[in-house]
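Work through these exercises with the sequence and the model side by side. Try each task before reading its solution.

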Amino acid sequence: MGKKQPIYAGVKPMFPYNPCMVVGDDIWVAGQIGIDGGDSMAEQAASALSKIDALLGEAEADKADLVMVMVLLEDMAEFGEFNEVYAAWLEGTILPARAAYGVKELPAGAKVEVVARAVRGSGAN
């Protein structure tokens with residue numbers, strides 16, 4: 001079993017946590033928000049997913065290696081808008097398992113937070 005390796009990829013945590021942890025080929029991406037991307041659900045979703053891309057890249061993996069994604073939405077009425085961005089982001093990959101939840105509130109007033117789990121090399125053809 002490998003040792004824990006934190007991954008940052010330029011993500012500046014707002015709170016005391018690591019944005020990504022790697023142990024062996026297992027990769028855990030902490031919840032990413034995209035308030036820096038704009039005010040709309042589509043902008044925030046794209047920004048959060050871009051951060052996941054960067055973290056996975058630094059961990060020598062990519063979105064094809066995702067095995068599970070958890071989505072937290074401040075307003076379930078925006079689930080469709082999130083799904084449009086999410087589906088385009090994952091186009092061409094084997095879709096990971098996913099859970100989505102409506103929550104009362106997210107950090108920093110975000111509309112969406114995305115948590116992910118990947119296994120390095122699992123998406124290779």
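## Exercise 1: A buried charge

In this predicted model, Glu113 is buried yet has no salt bridge, and the nearest side chain of opposite charge, Lys51, is 10 Å away.

**Task.** Place Glu113 in the fold and list what it touches.

**Solution.** 
1. Find the element. Glu113 sits in strand S6, which covers residues 112–119.
2. List the contacts, leaving out residues up to four places away in sequence. Glu113 touches Gly31, Gln32, Ile33, Met70, Val71, Leu72, Leu106 and Pro107.
3. Check for a partner. A salt bridge needs a Lys or Arg side-chain nitrogen within 4 Å of a carboxyl oxygen.
4. Follow Lys51 instead. Its side chain meets that of Asp36 in a salt bridge, 3.2 Å from N to O. Asp36 lies in the loop between S3 and H1, Lys51 lies in helix H1, and the two are 15 residues apart.
5. Asp36 is exposed, at 58% relative accessibility.

## Exercise 2: The faces of H2

**Task.** Which residues of H2 are buried, and how are they arranged around the helix axis?

**Solution.** 
1. Set the limits. Helix H2 spans residues 79–90, 12 residues in total. Its first and last C-alpha atoms are 16 Å apart, close to the 16 Å expected at 1.5 Å a residue.
2. Pick the buried positions. They are Phe82, Val85, Tyr86, Trp89 and Leu90.
3. Look down the axis. The buried residues of H2 fall within an arc of 125°, so they line one face of the helix.
4. Recall the helix repeat. An α-helix has 3.6 residues a turn, so residues three or four places apart point the same way.
5. Turn to the other side of H2. Glu84 and Ala88 are exposed there.
6. Find the cover. The buried residues of H2 are covered by elements including helix H1, strands S4 and S5, and S6.
7. Step past the end. Just after H2, Gly92 has a positive phi of about 90°.

## Exercise 3: Salt bridges across the sequence

**Task.** How many salt bridges does the structure hold? Trace those of Arg120 and Asp26.

**Solution.** 
1. Start with the count. The structure holds four salt bridges.
2. Take Arg120. Its partner is Asp25, with the closest N and O atoms 3.2 Å apart. Arg120 lies in the segment after S6 and Asp25 in the loop between S2 and S3, so this pair ties together parts that are 95 residues apart in sequence.
3. Arg120 is partly exposed, with a relative accessible area of 21%. Asp25 is also partly exposed, at 44%.
4. Take Asp26. It forms a salt bridge with Arg117, the closest N and O atoms being 3.2 Å apart. Asp26 is in strand S3 and Arg117 in strand S6, so the pair ties together parts that are 91 residues apart in sequence.
5. Asp26 is partly exposed at 25% relative accessibility. Arg117 is partly exposed at 29%.

## Exercise 4: The partners of S4

**Task.** In which sense, parallel or antiparallel, does S4 pair with S6, and in which with S5?

**Solution.** 
1. Take S6. S4 and S6 pair in the antiparallel sense over seven bridges.
2. Take S5. S4 and S5 run parallel, joined by six bridges. Here Leu73 stands opposite Gly102 in S5.
3. Move on to the loop between S5 and S6. Lys104 is found there, and it is exposed at 79% relative accessibility.
4. Compare sequence with space. Lys104 and Asp75 are 29 residues apart in sequence, and their C-alpha atoms are 8.0 Å apart.

Technical notes. Residues are numbered from 1 along each chain as its sequence is written. This is a predicted model: local features need pLDDT of at least 70, side-chain atom pairs count only at pLDDT 80 or more; totals for chains, interfaces and linings use all residues. Side-chain values use heavy atoms; hydrogens and water are left out. Helices (H or I, at least four residues) and strands (E, at least two) are DSSP runs, numbered from the N terminus. Buried means under 20% relative accessible area, exposed over 50%, partly exposed in between (1.4 Å probe, protein chains only). Lys and Arg count as positive and Asp and Glu as negative; His and the chain ends are not counted. Contact means heavy atoms within 4.5 Å. The expected span of a helix is 1.5 Å times one less than its number of residues. The arc is that of the directions from the helix axis to the C-beta atoms. Two strands pair if DSSP finds at least two bridges between them.
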